[in-house]
Amino acid sequence: MKPKVLIVENSWTMRETLRLLLSGDFDCTVAANGEVGLAQALSQPPDLLLSDVNMEGMDGYELCRRCRQEPTLQHIPVVFVSGYAPRSDSDPSLPVPDAYLVKPVKPALLIAEIQALLQRGSSPPPPAAPSPQPTNKA
């Protein structure tokens, strides 16, 4: 079964380009804005959220913030794909995505980044150190 990727992008052309590009490796659903994307994520949580940053209404940062506040979504990796460099104002209130890629993104890089994030999220936790065995000195 393919991992589920939710693409939230306000540009129809970019949304469809990303969907077509990723559909060979991932089960893609799309949303045209942050509000619809959040509703879709809440009703059918994806394995990864791929979002534009600059969108009318709820932008990518607010979408990321809202996802991180939802117990059912907070574990989902968030990838921003934007035509603009990351905000450098270092506003501590801005949520930090798991990856930030600037358009145009090479398809191989985008797919590799998504796969790495999904693999990181699905890998089992490292084994716990064995607890010391009690010694019976009688």
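Colleague: How many helices and strands does the protein have?

Modeller: This is a predicted model, and in it the protein has 4 helices and 5 strands. Taken in sequence order, these elements follow the pattern β-α-β-α-β-α-β-β-α.

Colleague: And how much of the protein is buried?

Modeller: Of the 138 residues in the protein, 36% are buried. The accessible surface comes to about 8400 Å², and carbon and sulfur atoms hold 56% of that area.

Colleague: What share of the contacts comes from residues 24 or more positions apart?

Modeller: Counting contacts with a separation of 6 or more, 57% are between residues 24 or more positions apart.

Colleague: Switching to aromatics, how many pairs turn up in the whole structure?

Modeller: A search of the whole structure gives 2 aromatic pairs. One of them is Y61 with F80, whose ring centres are 5.0 Å apart and whose planes meet at 80 degrees, so this pair is classed as edge-to-face, the cut-off for that being over 60 degrees. The pair links distant parts of the chain, since Y61 sits in helix α3 (residues 60-69) and F80 in strand β4 (residues 78-82), 19 residues apart.

Colleague: Are those two buried or exposed?

Modeller: Y61 is buried, with a relative accessible area of 5%, and F80 is also buried, at 0% relative accessibility; the limit for calling a residue buried is under 20%.

Colleague: Which ring does F80 pair with in strand β5?

Modeller: That partner is Y100 in strand β5, which lies 20 residues from F80 in strand β4, so here too the pair links distant parts of the chain. The ring centres of F80 and Y100 are 5.9 Å apart with the planes at 80 degrees, and the pair is therefore edge-to-face. Taken together, the ring pairs join Y61, F80 and Y100 into a cluster.

Colleague: Last one, where does S11 sit, and how exposed is it?

Modeller: S11 is in the loop between β1 (4-8) and α1 (12-22). With a relative accessible area of 29%, S11 counts as partly exposed, because that value falls between the 20% and 50% limits.

Colleague: What is the C-alpha separation between S11 and M55?

Modeller: The C-alpha atoms of S11 and M55 are separated by 8.9 Å, while the two residues are 44 residues apart along the chain.

Definitions and conventions. Residues numbered from 1 in each chain as written. Predicted model: local features only at pLDDT ≥ 70, side-chain atom pairs only at ≥ 80, totals over all residues. Heavy atoms only, no water. Helix = DSSP H or I, 4+ residues; strand = E, 2+ residues; numbered from the N terminus. Buried < 20%, exposed > 50% of the residue type's maximum accessible area, 1.4 Å probe, protein only. Contact = heavy atoms within 4.5 Å. Areas by Shrake-Rupley, 256 points an atom, 1.4 Å probe, with all protein chains shown as cover. Phe/Tyr/Trp six-rings, centres within 6.5 Å; stacked < 30°, edge-to-face > 60°.
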